[in-house]
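Morning, everyone. Let's walk through one model, metal site and then pocket.

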Amino acid sequence: MERNEALQIIKKHLPEKRYIHTLGVLDTALQLARKYGSDLGQTELAAIFHDYAKYRPHEEMRRVIVESSLPKQLLDFHPELWHAPVGAILVQRELGIDDEGILNAIKYHTTGRPGMTVLEKVIFLADYIEPNRSFPGVEQVRELAERNLDLAVFQALQNTIIHLVENRVSVYPDTVHTYNDFVKRIF
Ligand code: DGI
Ligand code: FE
Ligand code: FE
Ligand code: FE
């Protein structure tokens with residue numbers, strides 16, 4: 001699928017603000033792809049469709065989880081976590097995107113996973129640092145992203161986990177496993 005067709009499709013599924021976020025993720029992800037070597041075509045589609053399911057009703061996402069092979073454990077955690085794995089399933093079902101690299105980048109864009117591919121790291125990081133984002137710590141991660149992909153992803157994960165803990169929100173196991181995997185690799 002070509003970029004303009006993909007953008008036309010995603011625009012119908014997102015409110016204005018989220019569409020602008022998506023354009024930011026696209027731009028940032030392509031910069032990271034050139035720097036760190038993920039495939040530009042895969043990066044483009046993964047970025048455009050990463051939040052495809054973000055605005056589906058919780059009941060629809062719940063049904064996809066129940067009826068698919070996704071871990072049922074997701075249902076015990078915050079619905080905010082559902083749109084990534086459900087999005088991967090729906091872009092395959094509804095748009096016919098079959099590229100496993102793209103699907104996994106969408107699936108793991110919120111939590112990451114141990115052994116992330118370069119493409120998965122690029123999408124995860126672009127989602128965190130795209131220019132429309134502003135929260136404490138994002139500037140430091142932007143700077144890290146210019147010189148070390150793993151350190152930048154690690155710092156984003158660390159910030160996310162600290163934020164969740166500070167707000168007494170449960171941390172999904174994949175998020176912790178991803179964090180541990182980076183600790184083992186980096187330090
Ligand atoms: O969809 P976006 O807003 O663009 O970004 P995202 O898919 O990275 O989702 C971010 C949200 O997910 C953010 O509010 C933090 C939350 N999140 C990330 N990891 C976890 C988590 N929430 C819970 N409960 N547990 C996690 O491990
Ligand atoms: Fe998301
Ligand atoms: Fe994210
Ligand atoms: Fe996003």
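A definition to begin: a donor here is an N, O or S atom within 2.8 Å of the metal. Water is not among the atoms, so sites may look incomplete. And keep in mind that this is a predicted model.

Now the metals. The iron ion (ligand 2) and the iron ion (ligand 3) sit 5.6 Å apart. Take ligand 2. Which protein donors does this iron ion have? They are D51 through OD, H83 through NE2 and H109 through NE2, lying 2.1 Å from the iron ion. Along the chain, the donors of ligand 2 follow the spacing D-x31-H-x25-H.

Where do D51 and H109 lie? D51 is in the loop between α3 (40-49) and α4 (58-67). H109 is in the loop between α6 (100-107) and α7. So the pair ties together parts that are 58 residues apart in sequence.

Buried or exposed? Let's check D51 first. The cut-off for buried is under 20% relative accessible area. D51 has 2% relative accessibility, so D51 counts as buried. H109 is also at 2%, so H109 counts as buried.

On to the largest pocket. Its volume is about 1,100 Å³. The lining has 35 residues. Nearest the centre of this pocket are Y128, R133, F135, T160 and H163. Which elements give two or more residues to the lining? Those are α2 (16-36), α7 (118-129) and α9 (149-166). α9 gives the most, with seven residues.

By class, the largest pocket is lined by twelve nonpolar, 14 polar and nine charged residues.

That's the tour. Thanks.

Conventions
Residues numbered from 1 in each chain as written. Chains lettered and ligands numbered in written order. Predicted model: local features only at pLDDT ≥ 70, side-chain atom pairs only at ≥ 80, totals over all residues. Heavy atoms only, no water. 1 Å grid on protein atoms, 1.4 Å probe; cavity = no way out; pocket = protein on both sides within 12 Å on 5 of 7 lines; lining within 4 Å. Points joined across faces, edges and corners; volume = space filled by probe spheres on them. Helix = DSSP H or I, 4+ residues; strand = E, 2+ residues; numbered from the N terminus. Nonpolar A, V, L, I, M, F, W, Y, C, P; charged D, E, K, R; others polar. Donors = N, O, S within 2.8 Å, 3.2 Å for Na, K, Ca; no water. Buried < 20%, exposed > 50% of the residue type's maximum accessible area, 1.4 Å probe, protein only.
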